[in-house]
Amino acid sequence: PHIGGVEKHVLEISKILIKKGHKIVVVAEKHQEGLMSEEKVEGIEVYRIPDLKENWSKKFQIWKWTWENIELIKKADIVHCHDVFFWYLPFRFLYLKKPVYTTFHGYEDYPLRLKFILMHKIAEKLSMGNICVGEFMKKWYGTRPNFVSYGGVDKTNSEKFPPKADQPMPEKVESSKGAVFIGRLDEQTGIKIYADAVKLIKKKIPNFEFKIIGDGKFRKEIEKDFKVLGFRKDSKKYFSKYHFAFVSRYLSILEAMAAKRLVFAVSDNPLKEDYLKMAPFAKLINIINSENELAKRIIYFLKNSKEKEKMVNKAYEWAITKTWKNVAKQYLLLWKQPL
């Protein structure tokens with residue numbers, strides 16, 4: 001039930017592959033008490049590794065559990081790692097002919113430490129192919145991807161919004177003159193810049209609304225000025241209630257564009273700048289690096305609604321072509337399986 005971009009990516013791809021006749025087994029951390037160690041979720045067999053301690057011994061705990069459950073590897077036709085290739089590292093040498101692949105999601109932190117680049121290179125060299133979520137990984141990690149992905153959207157849900165990009169949004173789903181933030185409350189999402197920008201906007205527009213969906217280490221600090229709702233499984237529904245989407249991660253950006261919301265993404269370091277500006281949708285969103293710039297742009301678009309709609313419609317047309325079915329095809333091509 002853990003909410004996040006990687007979790008959703010794995011869930012959506014798995015559901016499609018199951019419909020195509022594949023059997024999917026997911027091994028993950030047991031991240032909270034009360035979760036079952038084994039269960040089936042939407043057709044996916046889920047095994048959770050319990051009692052992991054967040055210290056130097058964690059990898060040895062994972063390797064011990066995997067050894068005790070080695071049948072999962074033996075029975076698998078393909079092993080696919082999502083970032084955590086080190087979980088599989090010792091078993092790569094026990095099963096030299098077992099097909100193994102990796103998807104690299106996002107980045108660890110900035111400045112990017114050498115150990116993370118090294119871990120990526122080891123995973124890339126020992127994998128038979130990989131998918132990079134973002135073009136920026138070629139530059140920052142030196143990775144050579146077989147495919148580059150940015151995640152997907154549910155086209156059915158997207159089409160609940162105006163189906164034709166050249167039509168104005170009907171009144172029944174018109175949003176309030178406010179913004180919604182969706183993401184983790186940490187340095188990677190730019191939440192502090194968003195919050196400071198809203199304070200500036202409210203000086204000009206006192207009734208400007210700001211909804212925060214998410215959680216993280218900055219929550220207590222942010223709650224001094226704004227209400228925080230925490231993570232929501234149905235966070236996409238909040239896009240329909242506000243003019244603007246304050247999102248800085250690929251999946252939330254795609255969902256906001258598919259929901260016909262104008263996106264403002266924070267770029268506050270060189271890595272994040274490449275993360276956003278090297279993406280194919282860079283010109284379809286507003287990439288900003290300060291609260292002053294963000295506040296000025298919001299006020300501009302509130303006064304120039306035609307410019308806003310023009311940008312929103314172009315983004316919508318692009319986003320709805322990036323379906324999870326197309327992402328699943330990348331996996332099948334990577335594994336050289338029938339589409």
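Modeller: Start with strand β6, residues 130-133. Three bridges join β6 to β7, and the two run parallel. Ile-131 stands opposite Phe-147 in β7. Keep in mind that this is a predicted model.

Colleague: How do you know that β6 and β7 count as paired?

Modeller: Pairing needs at least two bridges. β6 and β7 have three bridges.

Colleague: Which sheet do these strands belong to?

Modeller: An open sheet of four strands, in the order β4-β5-β6-β7, with parallel pairing. On average, neighbouring strands are turned by 20° against each other, direction ignored.

Colleague: What makes β4 and β7 the edges?

Modeller: β4 (79-82) and β7 (147-149) each have a single partner strand, so one side of each has no neighbour in the sheet.

Colleague: Which helices pack on the sheet?

Modeller: Among them is α1, residues 5-19, which touches β4, β5 and β7. The direction of α1 makes about 155° with that of β4. Helix α5, residues 114-126, touches β5 and β6, and its direction makes about 150° with that of β5.

Colleague: Why is Gln-330 called buried?

Modeller: The cut-off for buried is under 20%. Gln-330 has 16% relative accessibility, so Gln-330 counts as buried. Gln-330 lies in helix α14, residues 324-334. Beyond its neighbours within four places in sequence, Gln-330 is in contact with Ile-131, Phe-147, Val-148 and Ser-149.

Colleague: Which residues of helix α2 are buried, and what covers them?

Modeller: In α2, residues 58-68, they are Lys-58, Gln-61, Ile-62, Trp-63, Trp-65 and Thr-66. The cover includes β1, β3, α3 and α4.

Colleague: What makes Phe-60 and Trp-63 an edge-to-face pair?

Modeller: Two values decide. Centres must lie within 6.5 Å, and planes over 60 degrees apart count as edge-to-face. Phe-60 and Trp-63 show 5.4 Å centre to centre and 85° between the planes. They are three residues apart in α2, so about one helical turn separates them.

Colleague: Which rings link into a cluster?

Modeller: Phe-181, Tyr-194, Phe-210, Phe-226, Phe-244, Phe-246, Phe-264, Tyr-300 and Phe-301, linked by ring pairs.

Colleague: Why are α12 and α13 called roughly perpendicular?

Modeller: The range for that label is 65 to 115 degrees. Helix α12 (residues 291-303) and helix α13 (residues 305-319) pack at about 105°, with axes 5 Å apart. The two are therefore roughly perpendicular.

Colleague: Which residues meet there?

Modeller: Tyr-300, Phe-301 and Lys-303 in α12 meet Ser-305, Glu-307, Lys-308 and Met-311 in α13. The residues of this contact divide into three nonpolar, one polar and three charged.

Technical notes. Residues numbered from 1 in each chain as written. Predicted model: local features only at pLDDT ≥ 70, side-chain atom pairs only at ≥ 80, totals over all residues. Heavy atoms only, no water. Axes fitted to C-alpha atoms, helices over the stretch in contact; angles between N-to-C directions. Parallel < 35°, antiparallel > 145°, perpendicular 65-115°, else oblique. Contact = heavy atoms within 4.5 Å. Nonpolar A, V, L, I, M, F, W, Y, C, P; charged D, E, K, R; others polar. Buried < 20%, exposed > 50% of the residue type's maximum accessible area, 1.4 Å probe, protein only. Phe/Tyr/Trp six-rings, centres within 6.5 Å; stacked < 30°, edge-to-face > 60°.
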